[in-house]
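Here is a short briefing to read with the sequence and the model side by side. Please keep the viewer open as you go through the points.

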Amino acid sequence: MPKTTLSFTIAEDPPKRLDKAIARDVPEEATLSRSRLAKLLAEGAVAVNGAVVMDQSARVAEGDRIEIAVEEAVETALRPEEIPLDVVHEDDDLIVVDKPVGMVVHPAPGAPTGTLVNALMAHCGGSLSGIGGERRPGIVHRIDKDTSGLLVVAKSDQAHQGLAKQFERHTVERRYLALVYGGPDAMDPRLRGVKGVGFEGSNILRIQTFLGRHKTDRQRQAVSFTEGRHAVTRTRVLELFGHPPQLALVECWLETGRTHQIRVHMAHAGHGLVGDQTYGGRRKLSQKALSEEVRAAVAAFPRQALHAAVLGFVHPVTGDRMRFEAPLPADMQDLLDRLR
């Protein structure tokens, strides 16, 4: 693969470690993330004063000359497909879409076509991000196939880099609407005994654990308190259904963004999502609290009842604060109408 050499000089008062120094001083227009720089270091693509250095903790000094061999972006093997998109916002640098239920974000085994990336390649034409050595739309975050809602995608390399930093720093606002079993309540004595679960002011449920791959089922995530990636979810009840509460419409917002985070955390707290075949399970609903018709509709709901309703971030090029909202999809709205 063709490579270009990026050259720059370490500025005054540098961090002691090479990886931190080059992350600080690499030109912004290069749009190289910390993780990408770390990979380039490990591959022997970084030279200091003409000598290749692979030790991330190597010392550097002001005035050291850095050269990084970076692969040029190449055409991806993925192909554009004319798939309709619900575009919420678009400019020269990014696009915000409302992803429908059933659409996979990026091609993978079992879903090689018909994905959001295929649709974006057709919609965006030649305006594609080249981050990671592949000329394709800049996917900086994802939502599950059967979760609907808002996604931001980078069209330019500068936007990709800027958005990636915001997600890395957990400064992006992401709020989800979910229909869960039961009704999270600070007065519930059961919740006081669930490790990692607590309440903040205004009856906000806070769940803090580590999340990692399930030990026996690699397709699932699992809660841990000793290993994995730090994850924090906050939840507040918007509406309760049944007396005593059988179901609740809740708003969840993420301090971190891990795979299946809301689904795993709500199940851990004992309030799994309706329709979640992986984590939520099914619950017997009270015949006295809900009608037979409603109980049948809940039992038949075919997917996790989860929608990415709000997305907010700082535009990585203009610096403007942006915030978008997406209405509930028809299936969730219909179920809520039945419950009401």
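**A helix on the inside**

Helix α3 (residues 116-124) is largely enclosed by the rest of the structure, because 7 of its 9 residues are buried. Please keep in mind that this is a predicted model.

**Around α3**

- The buried residues of α3 are Leu 116, Val 117, Asn 118, Ala 119, Leu 120, Met 121 and Cys 124.
- What do these buried residues pack against? Their partners are the strands β7 (94-99), β9 and β10.
- Just after the end of α3 comes Gly 125, whose phi is positive at about 65°.

- You will find Leu 78 in the loop that runs between β5 (74-75) and β6 (87-90).
- Leu 78 has a relative accessible area of 16%, so it counts as buried, the cut-off being under 20%.
- Leaving out residues up to four places away in sequence, Leu 78 touches His 106, Pro 107, Val 117, Asn 118 and Met 121. Val 117, Asn 118 and Met 121 are also among the buried residues of α3.
- Leu 78 and Pro 107 are separated by 29 residues in sequence, and their C-alpha atoms are 8.2 Å apart in space.

**The annotated position, Asp 144**

- Asp 144 sits in the loop between β9 (138-139) and β10 (148-154). Both β9 and β10 are strands that the buried residues of α3 pack against.
- Setting aside neighbours within four places in sequence, Asp 144 is in contact with Lys 99, His 260, Arg 263 and Gln 304.

- Most residues other than glycine have a negative phi.
- His 260, a contact of Asp 144, has a positive phi of about 60° although it is not a glycine.
- His 260 belongs to the loop between β16 and α6 (261-268), and is buried with a relative accessible area of 17%.
- His 170 also has a positive phi of about 60° without being a glycine.
- The loop between α4 (157-168) and β11 (173-181) holds His 170, which is partly exposed at a relative accessible area of 34%.

**A cis peptide bond**

- Most peptide bonds are trans.
- The bond from His 243 to Pro 244, by contrast, is cis, with omega near 0°.
- Pro 244 is part of the loop between β15 (229-241) and β16 (247-254).

**How α1 and α2 pack**

- The crossing of α1 past α2 is right-handed.
- Which residues meet in this packing? Leu 18, Asp 19, Ile 22 and Ala 23 come from α1, and Arg 34, Leu 37 and Leu 41 come from α2.
- The residues of this contact divide into 5 nonpolar and 2 charged, with no polar ones.

Note on methods
Residues numbered from 1 in each chain as written. Predicted model: local features only at pLDDT ≥ 70, side-chain atom pairs only at ≥ 80, totals over all residues. Heavy atoms only, no water. Left-handed = near helix turned anticlockwise from the far one by under 90°. Helix = DSSP H or I, 4+ residues; strand = E, 2+ residues; numbered from the N terminus. Contact = heavy atoms within 4.5 Å. Nonpolar A, V, L, I, M, F, W, Y, C, P; charged D, E, K, R; others polar. Buried < 20%, exposed > 50% of the residue type's maximum accessible area, 1.4 Å probe, protein only.
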